[in-house]
Amino acid sequence: MATTLAGVGVGAIAGAATAPDDERPELHAMYWGGIVGVIAAIAANMYFDDNKELDMAKMENDKLKAQLDFFQSGTATLLKETKGNADKRYFQSGKAQIRLYKIDQWVDDGPNKKYHRDQMIEILPLEKGQ
């Protein structure tokens, strides 16, 4: 922006100074100010790269996305771990390792509903000999 304004100012001064005697100098100032200002804006746009600002915005976006994922998925804390009987239709040995976790997770259920999960159970088959 500053480069463009400087270009307009320099162009206006040069245009007014080089205007012929039989023409209005303010029109030449506006004409040359516009041309030099546009050229200065194009040059500044090519010279001053916005990649740093875009990279910073991307990093901030990634950070906010990670925070949102954390709030949506939550972390699991193991509350209890035990071994017990399991349905033989699903577990060949008839025994399973059961883990109970405490979680803090909000789940979307359509556009107007959310529900909260607070526990998760994990059932793992035990091999014979465990």
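## Salt bridges and their surroundings

In this predicted model, the side chains of D62 and K58 meet in a salt bridge, with an N to O distance of 3.5 Å. Both residues belong to helix α3 (residues 51-73), where D62 and K58 are 4 residues apart, about one turn of the helix. The two partners fall into separate exposure classes: K58 is exposed because its relative accessible area of 51% is over 50%, whereas D62, at 40% relative accessibility, counts as partly exposed.

A further salt bridge is formed by E122 with R99, whose closest N and O atoms are 3.5 Å apart. This pair links distant parts of the chain, since E122 lies in strand β3 (residues 114-125) and R99 in strand β2 (residues 95-108), 23 residues apart. Salt bridges that share partners also join E81, R99 and E122 into one network. E122 counts as partly exposed at 27% relative accessibility, and R99 is likewise partly exposed, at 21%; R99 is therefore not classed as buried, a term that requires under 20%.

E26 forms a salt bridge with R24, the closest N and O atoms being 2.7 Å apart, and E26 counts as partly exposed at 39% relative accessibility.

The count comes to 5 salt bridges, among them the pairs listed below.

| Salt bridge | Closest N and O atoms |
|---|---|
| E26 and R24 | 2.7 Å |
| E122 and R99 | 3.5 Å |

Note on methods: Residues numbered from 1 in each chain as written. Predicted model: local features only at pLDDT ≥ 70, side-chain atom pairs only at ≥ 80, totals over all residues. Heavy atoms only, no water. Salt bridge = Lys/Arg side-chain N within 4 Å of Asp/Glu carboxyl O. Buried < 20%, exposed > 50% of the residue type's maximum accessible area, 1.4 Å probe, protein only. Helix = DSSP H or I, 4+ residues; strand = E, 2+ residues; numbered from the N terminus.
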